[in-house]
Amino acid sequence: MESWVRFSAQSQAKERVFRAAQYACTLLGYTLQKGGASAELLSTIKQLESHMSLTRKLMRLGNSAEALEAAKRSVHLSDCVLRLCITVTHLNKVMYFACDNVLWAGKTGLLPELDQNKWSQRSFRYYLFALILSLTRDAYEIHLLMERESRSSSAKSFNSSASPRTPIPENGEFPLKPPPSSALSPLPPLPLLSARLNKQLRLMLTVLRNNPPLLLDVLKNLCDVFIPLDRLGLYPTGPGFVGACGLTSSVLSILTIVHPWLKLKP
């Protein structure tokens, strides 16, 4: 079992390296095209990108089974929101990898009459659904950690403000103090809303800074989501932006493989 886990990690690392090389070719091709490179050089880079993509599809032939096993494990999570998001994410990955396998068969000539455009669109739809669910899971975890951090900060503030040596009046009652002038004149709605938003933003940044695995997962998913949005025509960004996003997310994925503690769990 341990040897299989090690082999799977090595395969994932190799696939991520090929993915980084593929999107690096995409970005390089876009840059050279803007710089007025020759058509022959652009064609060579395009062919290299296609070879990288085909190699990645070959390396992902068994990923559907792994995603299905991951979905079976996530069914037993105690948190219902995490259970739903993670399980459905893995099920979408099962379908995404299955479509990817069909595309590989079509590109290699095993299915010569395959409508590759149709299957590619179908594959990217499942990929997009998986990423949206992953981002939903990230947002939920950020919300939980922000609530925990807020409660912790409130408790510390209360303990520090409490004074155990405050003198007690002889009659046992504290005199009533008039409220401060700021309490009598509440802030206007807009400044109050702005202050709350700034507080929530600082709290979110604190949570992400203290949780590198969650921060990397958010950044990786945000980069990845632009790829299917562009390929499906829902939010076209161009090959340059897609290449930069794909390269960035690939490097972040490699980091989580090299340093397993950076991988978000469960």
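Modeller: The answer starts with the helix pair and then turns to two further helices.

This is a predicted model, in which local features need pLDDT of at least 70 and side-chain atom pairs count only at pLDDT 80 or more, while totals for chains, interfaces and linings use all residues. Residues are numbered from 1 along each chain as its sequence is written, and side-chain values use heavy atoms, with hydrogens and water left out.

Helices here are DSSP runs (H or I, at least four residues), numbered from the N terminus. Helix α8 (residues 212–231) packs against helix α9 (residues 239–258) at an angle of about 145°, their axes 9 Å apart; axes are lines fitted to C-alpha atoms over the stretch in contact, and angles run from 0 to 180 degrees between N-to-C directions. On the α8 side the contact (heavy atoms within 4.5 Å) includes Leu216, Leu219, Cys223, Phe226 and Ile227. On the α9 side, Phe241, Val242, Cys245, Leu252 and Leu255 are among the contributors.

In helix α2 (residues 39–59), Ile45, Glu49, Met52, Ser53, Arg56 and Lys57 are buried, that is, under 20% relative accessible area with a 1.4 Å probe and protein chains only, where exposed means over 50% and partly exposed lies in between. Seen down the axis of α2, these buried residues fall within an arc of 140°, so they line one face of the helix; the arc is that of the directions from the helix axis to the C-beta atoms. The face of α2 turned away from the buried side carries the exposed residues Glu40 and His51.

His90 lies in helix α4 (residues 80–107) and counts as buried because its relative accessibility is 18%. Leaving aside neighbours within four places in sequence, His90 is in contact with Ala67, Ala70, Ala71 and Ser74.

Terms used: Helix = DSSP H or I, 4+ residues; strand = E, 2+ residues; numbered from the N terminus.
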